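Dear colleague,

Please find below the structure that I am handing over to you.

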Amino acid sequence: MTGWEELASTALVGTDRRPYQGDLLDAAAVEVARRRAGRKTGAAGQRKRTPGEAGQGEQVPGAAGPQDASTEAFPGASPEAQAAPAEERVAVGRRAAERLVRIMGGEHERLLPEWLAAAAATGRRVPPYVLPELLEKGRRDRSIRVHLGVLAGQRGRWLAGLNDAWDYLLEEPTGETWELGGAADRRAHLRALRTADPGQARRLLESTWERETPDDRAEFVEVLADGLSMDDEPFLESALDDRRREVRQAAANLLTRLPGSRMSQRMAERARACVTISRKVIAVEAPRECDKTMERDGIRPKPPRGIGERAWWLQQILARAPLSIWGHPPATLLKMKIPDWDAEVKAAWVRAAVLQKDPEWARAMFGWDPIADLLESLPPDEQQELAADFVKKHDLDSQLIMVLGGVSSHWREGLATAVLRKIVKVATRQPWNLGELVKLAGERIDPALFPLALSYSPVESVQQVAALLRFRADMYKELHP
């Protein structure tokens with residue numbers, strides 16, 4: 001009997017009738033990994049196995065005997081790569097793991113990122129038997145990788161070292177330090193240090209800046225968004241000369257949030273040369289060229305398809321000019337007449353509100369163009385108030401879904417009630433149009449409000465929301481027993 005056959009037979013009969021030495025699920029995890037995902041080998045010149053492939057006549061080793069699954073070896077692997085290191089973190093509980101399996105199996109699968117984030121916050125890891133499928137999902141979906149470096153534990157990294165398809169995991173944060181960690185660990189370290197001591201984080205980055213890769217430099221600059229101040233201005237100004245465009249763009253975006261920066265003042269001069277405000281009229285003359293100094297300050301010379309060059313340059317200049325230069329509140333400016341370039345100016349003000357994270361401008365521009373990005377500049381309570389008002393006044397369409405998608409979870413009672421009311425209203429006329437709104441409500445409303453949804457209406461779609469909220473409420477209880 002092969003190792004796999006013994007595992008399957010024991011699982012079917014039960015360990016009460018057929019005692020098994022070791023952890024049956026751990027041993028099965030190794031076999032699943034070998035059969036479903038392939039592996040790297042340590043022997044020189046040996047071909048990598050494809051997923052599900054086994055050599056002809058090869059016995060798949062099980063965990064029969066006293067050997068623990070954490071020390072199982074892959075045939076052909078180098079001795080150094082054979083044993084999985086001992087785990088340092090405790091696994092989540094059985095019920096939490098079972099729910100993860102259900103989610104990965106397709107039951108409310110859009111909740112997977114939320115489950116992973118909530119589990120990572122507990123400081124625990126996932127059990128070994130879910131690793132093959134979870135790592136495979138991470139291979140296909142980059143958005144869920146952010147917490148896998150911690151949740152996969154030592155066994156997950158061991159598996160990633162044996163399988164090229166999963167080696168992305170080796171780049172995810174694990175808790176290592178600035179000096180020893182990979183790119184993701186170093187970003188996480190810099191981010192934590194930035195929260196505790198912004199100046200020290202910037203000085204640490206400056207000390208290694210010339211040795212960093214272009215990709216890392218761009219991502220490290222973005223970390224400085226937290227705790228941003230004029231103390232960062234000299235470093236960011238120098239980053240405008242970086243060879244990599246992404247680095248220059250990231251630096252320019254942060255300098256735009258500093259009205260006193262040299263770059264912001266240069267943009268202010270350019271904006272004043274383009275715009276004149278007199279009484280109730282805003283006269284605009286778009287720039288006629290994009291010179292090298294403009295490019296250094298983050299102005300991209302080539303416009304996207306469908307936008308003219310002058311319109312493109314104008315929008316970028318106005319978006320990066322300090323909003324304080326206009327001398328009037330945004331509500332007043334929006335009432336003024338703009339004979340030429342009206343749409344371009346207002347689109348630039350939307351972008352400026354987003355880049356500069358100005359709540360007053362974000363609030364005003366949301367009334368002109370309700371896009372989700374503007375909500376990020378507002379505190380969570382105000383986000384929900386604006387969104388609730390929008391839901392009450394707006395028909396169900398893609399724009400409403402996009403606005404709600406930009407509101408931070410967990411939605412409280414005001415927004416929750418507005419959305420449930422909209423669901424009941426639409427259910428009587430267009431029930432076929434409710435699918436995405438029902439899912440979004442179930443995924444974003446505070447799960448503690450499931451009794452509210454349950455009692456709100458007997459309409460089937462509302463009960464679907466209640467069921468999903470109950471699912472999430474149970475999910476959190478299992479992760480915090």
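In what follows, two residues are said to touch, or to be in contact, when heavy atoms lie within 4.5 Å. Please note that this is a predicted model.

Overall, the protein has 25 helices and two strands. Of its 481 residues, 46% count as buried. Among contacts between residues at least 6 apart in sequence, 64% join residues at least 24 apart. The exposed surface comes to about 23900 Å², with carbon and sulfur atoms supplying 50% of it.

The largest nonpolar core holds 93 residues, and within this core L404 and I423 touch the most other members. Not counting residues up to four places away in sequence, L404 is in contact with A387, V391, W411, L415, V419, L437, L440 and R444. A second, separate core of 33 residues includes L131, A160, Y168 and F471.

Helix 8 spans residues 183–196 and reaches 20 Å from its first C-alpha to its last, close to the 20 Å expected for its 14 residues. Its buried residues are A183, A184, D185, R186, L190, L193 and R194; they pack against helix 9 (198–208) and helix 10 (214–223).

I would also draw your attention to D216, which lies in helix 10. With residues up to four places away in sequence left out, D216 touches A183 and R187. D216 is buried yet has no salt bridge. The nearest side chain of opposite charge, R187, is 4.4 Å away, whereas a salt bridge requires a nitrogen-to-oxygen distance within 4 Å.

With kind regards

Definitions and conventions: Residues numbered from 1 in each chain as written. Predicted model: local features only at pLDDT ≥ 70, side-chain atom pairs only at ≥ 80, totals over all residues. Heavy atoms only, no water. Helix = DSSP H or I, 4+ residues; strand = E, 2+ residues; numbered from the N terminus. Expected span 1.5 Å × (residues − 1). Buried < 20%, exposed > 50% of the residue type's maximum accessible area, 1.4 Å probe, protein only. Lys, Arg positive; Asp, Glu negative; His and termini not counted. Core = buried A, V, L, I, M, F, W, Y, C linked by side-chain atoms within 4.5 Å. Areas by Shrake-Rupley, 256 points an atom, 1.4 Å probe, with all protein chains shown as cover.
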